[in-house]
Amino acid sequence: MTILVLALAMLARLPSPARAQTPPGEPRTDIASYALEATLDAAAKQIRGSGRITFINTGPDSLSEIWIRLYLNAFRSADTSWMREAAGGFRESVFDSRFPGWIRVEGLVDARTGDALTLPSGGDTGETIVQVPLAMPLPAGQKLELTVRWTSQLPKVFARTGFAGNFIFAGQWYPKLAAYDRGRWDTEPWHANSEFFADYGSYDLTLTVPAAYVTGANGVRGSETENADGTTTTAYHSERVTDVAWTAWPSFQRLVRTVIAVDKSVDIELLLPPGEVESADRHFTAARIALDSFSHWYGVYPWAKLTVVAPPPEAAGAGGMEYPGLVTTGTSLRLPFGLTEGIRDVEVTTVHEIAHQWFPMQVQSNESAEAWLDEGFADYLTIRALGRTKSPDASIVDLPFGRLGYASVQRALFLGISARAPVALPSWQYPSFYAYGATVYGKGSLALLTLERQYGDERFTAALRAYADRWRWRHPATADLQTSLESSLGQSLDSFFRGFIRGDWVVNYRVGSIEGTKAVIEREGEAPIPVDIRIDLADGGDPIERHWDGQDRRLDLDTGGRTIAAVSVDPENKLLLELDRSDNVLQLNPSPGPMIAAAGRWQGMLHMILQLVGLAG
Amino acid sequence: MRTLFRAADGALRNVVLALALYVPGLALSLLSALAAWLGFAMLDRNGNWSEQIASGGYVAAGVEFLSLAKERALPGTAPAPSLVPAAVLLSLAVAIGVLGILVEAYAYAYLAGGILSRLCGAEAPFRASCRRWLGPMLRYSLLIVPVFIVAIPLCLFAAFLLPAAGINGLLAKIAAFGLLLGLVNGMLEYGRASMVIEENRSTRRALRQGLGSIVRSRTVLPAVLAWLLLGLLGYVFSVDVTSAFVAVPALSIVPALAVHQLAALAGAFIKLLRLSLATELVRAS
């Protein structure tokens, strides 16, 4: 291991990218706060909202403008720039232009002066982000208070938000300040492959819906009032968060359990469709394992409650998303022959989304500009957490006749699509959703897994914990991650980040030949990653273990007179970013037992199939 | 019910004929397994892949054989030398399995004449009867293909009209499909049996006999009941085979092989029972 680490250090011969800023002082978690009142018009699928937004200028300069995000305008028609990028579809959902979404700001007032602020097109714009000039500049360190009124039209469920029948999921539903970070506004429009980025603040939501609806939102559930008009108003409050989302549906089944995650009590609130209640234990267990694992590894879950929402199947487009203190997941696949429990689709989604409660909900990187810092992290965390409960090679499918680990899914994405794609690209620069997903989720998580296996679980976990502690409630970038990891690990990771994260390097090792007492290992590709080598001897003696720094293209091995039986490169499967593992081993006389057993099983299965087909026809 | 008992008795007294129905599948699967074994032997030169594949890790193993990805990322590089022959041999094993369905159908057509003759008490040697009836049985097998092409979607449609939901509902629909298909199958086997019993080599007539068997007043009730019961048996067998697919891989190789062979033998016996029942129904009509 030490040699591996030293060899990694040797990779640091190339010039560094620009160093990151160090985090300035104590983090502020009151930069952008919202007190919102929302009333659902259940018939029109509209939200009528009003509220107060406060913003503190944490930059060094006076501000003469603010930027406001109006996400729902992405779904105004099939012709928006967002929709053109998405080609009318998002994941498995197709946009139904008969049920568009939009947001119209009907009033925005600067409470300091009482001046109405002017939005483009009088607030009824088609843009997803707008610039709003301030009548009076906002000096550095000062607070701006805005009052706002608006109407949001929810689309038919699409890209995380909307309605399906009387099911409502309201995400990205209110006028929201863009993030102001490191002295500048994040003015990038919302893109089809992009998620979100915001400053921390407190959120007070007062939600009014028809009385028959069961609601859920992030934050602590406060007072609930039954109104004379047949509606119910529920208050939610959350702090140190970047967003608020809510859901409402008459058919929700609400279940609550309290779990302890590293000595902290957390209420897990499940909101499930009626048919999913029998799988409630699976949801609770996944949530508990995720909360406990991530709290141990990266710091205690900071909020009192976690809401897990499983939208009904007709609203699946709202599933698989994260908000601070609230995640949406999926419903479990129902199969006969006792197969349901062996397919851990619910667990994967739930654990992945809960991983986001750390990255980016606590360590708020820019999900749009550097999506791998949250999606790659979330999948890496998912691989780790699922591996705690199941064998890592059976973490998502564990059936008697087949198994599959989540890391293999990422390997398939990496090998099939993203081997040469840079990980740290802005999400909108990827040529397709598949390229984005395979790179950001797949290659991103494998990069972290490779580092973990190179440096060891304990050491790398401590390094990521230090990164999380250093950047919690702040906005780190990839360079900040690199600096933090290098500081913790005591090694330069310049070559690794330059080659695999920002660049398009690849690597492959292969056993070229074995001849008697000699063997040849070859390296293909640009990346000189250090690697372990094991030589098995024909005389049955202890294997010879070597480490190679991979700096040269070829390594000649000589056992000094002992005949070689087999040579393995990377026998412990540490290099998850390697291109081809099928040439990592060469053995001259493989054991016949496994191959006979495999052929025997094949024979038996085929014979049964032939009988079955013959019986049917 | 008496017809069914007589059919079972006939099948049990000639149980050795089930072995004849068992052997073609065994031979084909052994041939396929030989190719698979050679493929695994090539594959294992590059690691313990066959162990991973046999223990259920075949998808993960398959991911690692995406060597085209390497060629795309690193043009000019080649896969491991043993990978190509291994892929060819394993593909051959699969191809034998797929083609085996046709060979199995041929073998059934060959054996059916001999088995039906024996069930009728004919004195002629078994192989001579097989050869004698091979032509008509083959033609009959081809003739009933369109019947199946029409019947399978109709049975599926009818089964899925059942007002049942959830996993149990799905299983009920599959069971209904199995029963309906069993009924169609039985009618067609009736036609096959009628050729041998009535010594008539006309396949069109046999098909008419078979399809008409269900509406003939003397045989309608026993025929429908018997075929539905046999269809139920076939369904139970299919469920058991599926369950075996699910459960057997968890067993070690010797009990796994034993379960596979027992299941295959049971399938062969059900085919024999079906022919025996067809014989009894033709006699009864």
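I count a residue as buried when its relative accessible area is under 20%, as exposed when over 50%, and as partly exposed in between, with a 1.4 Å probe and protein chains only. By that rule Arg69(A) is buried, at 4% relative accessibility.

**Entry 1: ground rules**

This is a predicted model, in which local features need pLDDT of at least 70, side-chain atom pairs count only at pLDDT 80 or more, and totals for chains, interfaces and linings use all residues. Residues are numbered from 1 along each chain as its sequence is written, chains are lettered from A and ligands numbered from 1 in the order in which they are written, and side-chain values use heavy atoms, with hydrogens and water left out.

I noted the scores next. The model has ipTM 0.87 and pTM 0.88. For chain B the average pLDDT is 88, and 96% of the residues score at least 70; pLDDT is the predictor's confidence in each residue, from 0 to 100. Where pLDDT is low, the predicted coordinates should not be read in detail.

**Entry 2: chain B on its own**

I looked up the secondary structure of chain B and found twelve helices and zero strands. Helices (H or I, at least four residues) and strands (E, at least two) are DSSP runs, numbered from the N terminus. The C-alpha trace of chain B spans about 75 × 50 × 35 Å along its principal axes. Of the 285 residues in chain B, 49% are buried. I then took the contacts in chain B (heavy atoms within 4.5 Å). Among those with a separation of 6 or more, 74% are between residues 24 or more positions apart.

**Entry 3: the interface**

I turned to where chain B meets chain A. The contact takes 84 residues from chain B and 58 residues from chain A. The area buried between the two chains is about 5,900 Å², and carbon and sulfur atoms give 66% of that. Buried area here is the accessible area (1.4 Å probe) that two parts lose on being put together, summed over both.

How many salt bridges are there between chain B and chain A? The count is one, with a salt bridge defined as a side-chain nitrogen of Lys or Arg within 4 Å of a carboxyl oxygen of Asp or Glu. The side chains involved are those of Arg411(A) and Glu64(B), at 2.5 Å, N to O.

**Entry 4: salt bridges within chains**

Over all chains the structure holds 46 salt bridges. I looked up three of them.

In one, Asp186(A) and Arg69(A) meet at 3.0 Å, N to O. This pair links distant parts of the chain, 117 residues apart: Asp186(A) is in the loop between β14 (184-185) and β15 (201-210), and Arg69(A) is in strand β3 (residues 63-69). Asp186(A) counts as buried, at 13% relative accessibility.

Lys156(A) and Asp96(A) meet at 3.9 Å, N to O. Lys156(A) lies in the loop between β9 (143-153) and β10 (162-164) and Asp96(A) in the loop between β5 (93-94) and β6 (102-110), so the pair ties together parts 60 residues apart in sequence. Lys156(A) is partly exposed at 38%, whereas Asp96(A) is buried at 16%.

In chain B, Glu199(B) and Arg132(B) meet at 2.5 Å, N to O. Glu199(B) lies in the loop between α9 and α10 (203-213) and Arg132(B) in helix α7 (residues 126-143), so this pair ties together parts 67 residues apart in sequence. Glu199(B) is partly exposed at 48%, and Arg132(B) is partly exposed at 40%.

**Entry 5: Pro530(A)**

Pro530(A) sits in the loop between β28 (518-525) and β29 (531-537) of chain A. Its relative accessible area is 1%, so Pro530(A) is buried.
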